[in-house]
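Please look over the two chains below before turning to my points. I have set them out in numbered paragraphs, so that each can be checked against the structure.

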Amino acid sequence: MDAAFLLLAGVFLPLFPLSMLFNALLRRAHRPWLRALLLLTWPQPGLALVAAAQPPLPDWLMAWALLSSALYAFRALSLRELGLWTGFLACSLWALLWLVLARPGEVPPGLHALGLSAPLVLLTLLGTGLERRFGAAYAGLYGGLAQQLPRLAGVLVVVVLAGIAMPLFPPFFTLLSLTLATASAAPAAALALAGIWLLWSWAGARLLQGLVVGPGDSGGGPADLSPAATWAYAAALAALAGGGLYLLGGLA
Amino acid sequence: MERLIVLVAALPLCSALLIQLLFHRPGWRAAQVSVTFTTLSFLAAAAVLGLALAGQGPMAITLPAAPWGSLLFDPLSALMMLVIAGISLIVHVYSVRYMAEEPGYARFFLLLDLMTAALLVMVAAGDLITLLIAWHLVGVLLYFLLGHDSRSPSAWRYSFWTLLTYRIGDLPLVLAAGLLHHAYGTWSLPELFTRISADPGTHQIAGFELLDLVGALIALAAFARSAQFLLHTWLPYTMDGPTPVSALMHAGIVNAGGFLINRFAPVFIHTGGVLHWIFLVGLVTAVIGSVLMLTQNDIKKSLGYSTMGQMGFMIMECGVGAFSLAIYHLIAHGLFKGTLFLGAGGVIHAARRDDGVPKDELYTFVVERRPARQRKPWLLMAAITLAVPVSILVAAHLLVAQDYFQKQGAIVLLFFGWVTGAQLIFATYRMRSQNLWRLVGLSVFSFAVVVLGYSLISHAFDLFLYPDPAFRQQLYAAADIDLLRFDILVAFVTAVIVLGWLLTYYAERNGSRRHRRTGRAWLVFYVLVSREFYLTDLYAALTRGLLHTATRLNVWLRWA
């Protein structure tokens with residue numbers, strides 16, 4: 001019974017190959033609101049299942065979660081399509097929620113999940129904006145966003161940084177608390193977490209370089225993000241940073 | 001007092017916020033605001049250092065009911081805050097006109113202000129979490145500063161190398177923080193150091209002594225930040241970034257490794273062989289950095305490798321227990337390298353009209369490589385070469401501390417001083433000169449001035465940064481090795497160096513007739529060095545291999 005619960009939870013807190021279901025669904029979801037909803041809510045049923053059944057979480061499950069996370073982080077290195085990249089990053093981030101469940105702290109796992117998902121929602125909205133403007137959100141296809149659409153590029157950069165667990169955003173503090181907690185109890189897991197974190201940075205920087213860098217189109221291209229939308233994104237990011245600082249309180 | 005310290009770090013942050021909120025178009029106003037706030041920050045930092053010099057004791061400023069966000073006032077943070085604020089102010093003032101015609105003028109100052117704030121928080125961090133956040137942010141901000149010109153793929157490519165190397169250095173620090181917190185139950189740095197000194201050696205992790213492991217992780221973080229060998233390839237290639245950023249990076253950011261080791265000095269005094277490894281890595285970096293610097297035909301890469309060599313020397317100083325000397329070194333190097341970068345453009349411009357190099361004896365010797373034909377008696381010159389630097393070094397160091405020669409680390413540094421002095425005199429008497437004795441006398445005099453200045457200043461740094469004599473003694477003791485082994489090592493290295501000089505002397509005396517095999521060996525060595533030991537090629541191949549594997553995996557798993 002426990003194993004069945006864990007397997008079912010493994011679909012929502014994606015363990016490879018169960019995670020393939022989420023990526024297939026995300027690829028078929030074309031409406032932005034549906035993609036955003038999927039990204040925001042997908043891990044919550046998994047957390048609810050584990051909370052309801054409270055099965056023991058064996059060590060092999062932790063290893064499976066870490067391997068799944070590492071696999072998606074590694075595979076994200078070569079991705080150029082923003083939608084796919086977001087899905088892979090989501091799988092890599094959410095798989096680590098198993099480690100959060102195994103070491104419960106002051107902050108509820110649901111909040112950790114929300115903190116990990118929120119930057120991905122912003123990212124998928126930005127990806128939709130890029131698709132509307134250029135027909136595809138694909139790194140290396142057009143590039144030069146910083147020259148052509150500076151506001152959109154600026155927001156995109158900060159959102160990708162938030163997603164790959166850079167400081168002051170919730171994923172950073174989730175990763176930080178996990179690494180700090182495992183450093184002495186399970187040094188191998190801490191090393192794996194450090195490696196996964198490094199892979200995210202690499203993948204994120206590659207994606208950004210393909211989208212943001214380059215001479216850009218000097219002619220009249222698509223319109224930039226409106227000031228109102230920019231402020232809305234800035235407010236969302238500020239709220240995320242606030243959430244990150246709240247998570248930081250859980251480190252005490 | 002508390003307000004002053006908070007002000008130093010908060011002012012650049014306020015400036016960045018103002019620029020973001022008020023200045024959307026390029027203009028002088030953003031630069032004016034930025035320079036004004038940085039000036040105020042510098043003045044506040046000067047006041048903080050003044051208080052530290054006046055004898056104000058260490059203190060921590062903490063947020064109520066939060067384990068993070070605390071700032072530490074102690075001699076190290078006060079000194080480093082002034083250095084960072086000072087270098088940042090110079091870079092700000094220089095950038096006002098230098099960056100005027102670049103796109104993203106206001107953004108540049110915003111990033112510069114954020115970087116200044118992150119650096120100031122990093123050096124004043126009073127707890128592990130604040131230190132980690134600032135340490136991470138410095139790497140991220142440097143990535144965007146180096147890639148400021150978003151039209152240049154090469155600038156971004158190399159700033160990406162920097163980001164990745166810095167991330168490699170960030171993660172060991174996170175692990176070290178986790179281990180320390182788990183073992184000692186506090187995030188606060190002063191509290192942590194107190195607990196470590198009370199209970200240094202009872203913790204073990206995976207069969208290792210905890211503090212050895214923590215020391216090694218902190219050293220690894222410092223190596224990545226300070227471009228030590230194998231983690232250095234980003235440094236010489238990041239010259240596509242704006243010149244002010246290069247100046248800030250080479251004068252301030254890259255020195256963070258030396259600061260970090262100093263910050264964790266109370267950990268290192270309880271480690272076993274970690275300082276020896278630090279010494280070895282520093283030594284290898286110093287030698288390889290200097291060799292690579294000498295063989296570059298691109299002046300900017302040459303400057304990059306010069307920084308690498310200097311960073312190696314700084315890390316090596318930590319490895320022999322001369323922690324405060326490393327801080328003095330990083331400040332001196334920062335000022336000198338910052339000046340070089342900021343002055344390079346003007347010098348190149350002026351050199352197009354007139355190179356300004358006098359065609360004198362030095363030019364004949366260094367550039368045209370024409371040594372003197374008539375030599376003085378070699379025995380006399382050899383005696384001067386070997387004995388004079390030793391006498392000067394011993395006299396200068398006895399002046400500052402009687403027990404100086406009880407410390408192995410001090411002897412290692414004296415040894416380097418002796419090699420440098422002897423090399424100077426060795427080179428001098430081969431120069432064409434009308435009055436050789438005058439030249440030798442002047443060389444010896446300038447060497448004496450440098451050694452005396454260096455000894456006095458470094459001693460003053462020692463007293464200021466580590467006022468407790470017992471702690472200073474512990475730092476040197478932690479770097480000690482078995483005395484017999486130490487003596488044998490010093491004798492061996494001395495013999496090798498003297499033999500090298502003798503070989504050079506006889507090779508020049510008998511002309512440069514070289515055997516064919518030796519010539520080929522030199523050629524192979526030159527190829528190796530000119531290709532920078534194939535390390536960049538190796539890393540590039542590794543990267544390509546990993547990306548190819550990731551692509552194959554994605555195809556195989558149908559992108560799901």
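**Notes on helix packing, cores and annotated spans**

1. In helix α3 of chain B, the residues B:Ser77, B:Met80, B:Met81, B:Ile84, B:Ala85, B:Ser88, B:Val91, B:His92, B:Ser95 and B:Val96 meet B:Tyr105, B:Phe108, B:Phe109, B:Leu112, B:Asp113, B:Thr116, B:Leu119, B:Leu120, B:Val123 and B:Ala124 of α4(B), where contact means heavy atoms within 4.5 Å. By class, this contact has 14 nonpolar, five polar and one charged residues; Ala, Val, Leu, Ile, Met, Phe, Trp, Tyr, Cys and Pro count as nonpolar, Asp, Glu, Lys and Arg as charged, and the others, Gly among them, as polar. Helices here are DSSP runs (H or I, at least four residues), as are strands (E, at least two), numbered from the N terminus.

2. This is a predicted model, in which local features need pLDDT of at least 70 and side-chain atom pairs count only at pLDDT 80 or more, whereas totals for chains, interfaces and linings use all residues. Residues are numbered from 1 along each chain as its sequence is written, chains are lettered from A and ligands numbered from 1 in the order in which they are written, and side-chain values use heavy atoms, with hydrogens and water left out.

3. The axes of α3(B) (residues 75-98) and α4(B) (residues 105-124) come within 9 Å and cross at roughly 170°, which makes α3(B) roughly antiparallel to α4(B). Axes are lines fitted to C-alpha atoms, for helices over the stretch in contact, and angles run from 0 to 180 degrees between N-to-C directions; those under 35 degrees count as roughly parallel, over 145 as roughly antiparallel, 65 to 115 as roughly perpendicular and the rest as oblique.

4. In chain A, helix α6 (residues 82-95) and helix α8 (residues 109-134) pack at an angle of about 175°, with their axes 10 Å apart, so α6(A) is roughly antiparallel to α8(A). The residues of this contact divide into 11 nonpolar, three polar and no charged. On the α6(A) side they include A:Trp85 and A:Leu89, and on the α8(A) side A:Leu116 and A:Leu120.

5. What are the residues that touch the most other members of the largest nonpolar core? They are A:Trp85, A:Trp98, A:Leu156, A:Trp200, B:Met122, B:Phe264 and B:Ile278, in a core of 254 residues; a nonpolar core is a set of buried Ala, Val, Leu, Ile, Met, Phe, Trp, Tyr and Cys residues joined through side-chain atoms within 4.5 Å. Helix α6 of chain B (residues 153-184) gives the most to this core, with 16 residues. A second, separate core of 22 residues includes B:Phe426 and B:Val451.

6. A:Ser19 lies in helix α2 of chain A (residues 19-28) and is buried, with a relative accessible area of 0%. B:Tyr526, in helix α22 of chain B (residues 516-530), is partly exposed at 45%. Buried means under 20% relative accessible area, exposed over 50%, and partly exposed in between (1.4 Å probe, protein chains only). The C-alpha atoms of B:Tyr526 and B:Thr295 are separated by 8.2 Å, although these residues are 231 apart along the chain.

7. An unreviewed UniProt entry lists residues 125-352 of chain B as "domain: NADH:quinone oxidoreductase/Mrp antiporter transmembrane"; UniProt positions are given in the numbering used here, feature names are shortened, and annotations may be inferred rather than shown by experiment. In the model, residues 125-352 of chain B are 77% helix and 2% strand, with the end C-alpha atoms 46 Å apart.
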